Amino acid sequence: MKRREFMAMAASLGVVGFAGPAWSLSESDAAVGVRAAIERGAIAAVGLLGRTDGFLGNPKVRIDLPGPLAQASGLLKAAGYGRQLDALVTAMNRAAEAAVPQARTLLVNAAKSMSVEDALRIVKGGDTSVTDFFARKTREPLTQQFLPIVGRATDKVSLAAKYDAVAGRAARLGLLKERDADLRGYVTGRTLDGLYLVIGEQERQMRRDPVGTGSAILRKVFGG
C-alpha cells in the first residue's frame, strides 16, 4: 500500500502521528492496530453472546419465530400451544448461546490473518465493513460448525419437528424464505447475524474510546 493511501486511512480514523510530515507510525503499526481492534471486538462479542441470556435477553439479537410463523403464534397460543412456543423460542436462543463460543478460534484467526488491504477496506467500508469482513471469512465454516450444535439443542423441543413441517409448507407457498424453512438453518443463520452485529458494535466502540481498551498498540494507533 502506498503511503498516501495509508495517510488517507489514518485521517479517517484520526490516527495520531499521520497528520503531518513526521510520520511517526509505520504501516505495520497501523495494520497491527486495526487487527487488534477487530480481534478484541470479536472476542468481546463472543463473551457477550456466548452466555446465558446472551441472545434471549438482548432484543437486538434475540431469535424469534420468522415472519408468518410469528404472526400465527397468537392463533397457536389460543389453541393451547403457548407453552410449547415459548419453549421453542427459548431453545432457539439457548442453542445460539451454546454455539457462539465455538466461533472464537476461527474469528481470532481471521483477524490475525488480515492484510493491510483488508484493514484499509474496513476503514473505508462504513458501519458494515467489519460485519462484511467476518462474514466473508467465516460465515461458511461457522455455519458448518454451528449446525450440529443447534440441532442437538433444538431437537429436544417438542415443536421442533412441527416447525420444519409448517415452515416447509410456508416456504412452498412463498410465505417464508427457503433458508428459514429448516429450524437448524434458521437458528444458525440468525446466530451468525447476531454475532457479526455485535462484533461491529464492539469495533465502533473501540474506535471511539481506544484509551479505554488498555491496549498500548490501540492507544498508539487510534488515540487522539
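In this predicted model, confidence is lowest in helix α1 (residues 3-13), with a mean pLDDT of 51, and highest in helix α5 (residues 104-112), at 95; pLDDT is the predictor's confidence in each residue, from 0 to 100, and helices are DSSP runs of H or I with at least four residues, numbered from the N terminus. Local features need pLDDT of at least 70 and side-chain atom pairs 80 or more, whereas totals for chains, interfaces and linings use all residues. Residues are numbered from 1 along each chain, and side-chain values use heavy atoms, without hydrogens or water.

**Confidence**
- The protein averages a pLDDT of 78, and 75% of the residues score at least 70.
- Residues 12-24 have a pLDDT below 50, and beyond near neighbours in sequence this stretch has 29 contacts in the model (heavy atoms within 4.5 Å).

**Helix pair**
- Helix α6 (residues 116-124) packs with helix α7 (residues 129-154) at about 140°, their axes 7 Å apart, where axes are lines fitted to C-alpha atoms over the stretch in contact and angles run from 0 to 180 degrees between N-to-C directions.
- D118, R121 and I122 of α6 meet S129, V130, F133, R136 and K137 of α7.

**Second largest pocket**
- Residues lining the second largest pocket include R139, T143, R179 and D180.
- α9 (183-208) and α7 each give two or more residues to this lining, and α9 gives the most, with seven.

Technical notes
1 Å grid on protein atoms, 1.4 Å probe; cavity = no way out; pocket = protein on both sides within 12 Å on 5 of 7 lines; lining within 4 Å.
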